[in-house]
Amino acid sequence: MAKSKYEYVKEFETDDRMLRNVYVLVRIDGKGFHKFSQTHDFAKPNDVRGINLMNHAARCVMHELDDILLAFGESDEYSFLFRKSTDLYQRRESKIVSTVVSLFTSAYVYYWNDYFTDLKRPLYPPVFDGRAVLYPSEVEVKDYFAWRQADTHINNLFNTSFWALVEEGGLTPKAAEARLCGTDSKDKNEMLFTEFNTNYSKLPAMYRKGSVLLREQILKDEDKDAIIPTLPETLPGSKSAKVVPTSDTATTVPGLQSGPDPISGSV
Ligand code: ATP
Ligand code: ATP
Ligand code: MG
Ligand code: MG
Ligand code: MG
Ligand code: MG
């Protein structure tokens with residue numbers, strides 16, 4: 001077919017194919033979810049319906065895109081790790097990021113009512129943004145997830161303390177903030193325990209550490225004895241894999257610290 005005289009405009013497009021043989025990490029984050037969570041009466045500090053809906057939307061993304069190995073979610077954000085060798089959309093950044101964001105957002109709305117059963121659909125369309133980051137090795141990938149999980153811990157400890165002071169302690173938000181100013185993790189744990197009878201470490205792990213979705217490998221019989229490497233990139237055949245939600249038990253990301261919370265000190 002002859003080219004139309006207009007076709008030259010295609011040449012204005014940017015070639016945004018990402019470097020090969022490195023990990024592609026896509027993180028999405030809700031736009032203005034401080035307001036969105038207020039408008040929709042999210043329980044504070046953690047609305048479990050909101051978290052489960054985020055996890056469901058992330059699971060949809062993993063079902064659709066085989067090359068995602070692992071996902072980590074907290075609050076209004078989700079991170080998706082692609083295998084190094086992915087050739088999805090020839091690694092074109094805008095195609096990959098926009099597909100993840102679009103699928104996640106539409107799933108969030110599509111499954112809304114399964115979680116927020118008293119409201120047919122959100123009161124206005126939620127928006128998520130997205131970005132891709134390239135990481136050259138497992139060291140950076142592990143540190144990336146450790147960074148996000150440390151963020152979860154810091155924010156959740158602060159929010160748990162803040163809302164205890166406001167909802168149970170009767171403080172104004174401003175007074176609660178002033179009360180927490182200059183406190184470290186130990187102070188907050190102590191305050192929750194002595195003043196609000198709350199053992200922070202006994203709160204659900206999903207709140208304290210976020211949610212992990214891991215693509216499970218369905219091993220053939222002859223592979224059953226194989227040693228599972230630390231990162232799934234090196235595992236064979238993702239095509240037959242299924243997505244396993246670990247959010248109910250909220251495990252930590254493989255290779256990350258489990259047990260003691262990853263961060264302490266002044267927050
Ligand atoms: P931005 O557009 O810059 O991302 P934002 O308002 O979305 O701004 P974030 O820093 O992304 O701000 O924080 C997300 C907000 O959404 C927090 O205030 C958090 O408390 C709230 N939020 C998200 N999920 C939940 C949930 N499941 N339960 C309660 N609050 C939530
Ligand atoms: P890709 O994922 O590569 O974009 P695609 O299947 O979306 O593949 P397109 O080239 O984008 O292919 O074409 C869109 C398809 O959707 C066409 O087949 C078109 O006929 C169909 N389509 C879109 N909107 C309508 C509509 N309103 N009525 C009927 N068909 C439609
Ligand atoms: Mg943001
Ligand atoms: Mg946000
Ligand atoms: Mg956020
Ligand atoms: Mg199309």
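**View 1. The shell around ligand 1 holds 3 nonpolar, 7 polar and 5 charged residues.** Ala, Val, Leu, Ile, Met, Phe, Trp, Tyr, Cys and Pro count as nonpolar; Asp, Glu, Lys and Arg count as charged; the others, Gly among them, count as polar. This is a predicted model, where local features need pLDDT of at least 70, side-chain atom pairs count only at pLDDT 80 or more, and totals for chains, interfaces and linings use all residues. Residues are numbered from 1 along each chain as its sequence is written, while chains are lettered from A and ligands numbered from 1 in the order in which they are written. In total, 15 residues surround ligand 1 (C-beta atom, placed from the backbone, within 6 Å). Strand S1 (23-30), helix H1 (33-39) and helix H2 (48-64) each give two or more residues to this shell. H1 gives the most, with 3 residues. Helices (H or I, at least four residues) and strands (E, at least two) are DSSP runs, numbered from the N terminus.

**View 2. A cis peptide bond joins Lys 44 and Pro 45.** Its omega is about 5°. Pro 45 sits in the loop between H1 and H2. Most peptide bonds are trans.

**View 3. Tyr 89 has a positive phi, near 45°.** Tyr 89 lies in the loop between strand S3 (77-82) and helix H3 (93-110).

**View 4. Asn 197 has a positive phi of about 55°.** Asn 197 is not a glycine. Its place is the loop between helix H7 (185-196) and helix H8 (205-209). Most residues other than glycine have a negative phi.
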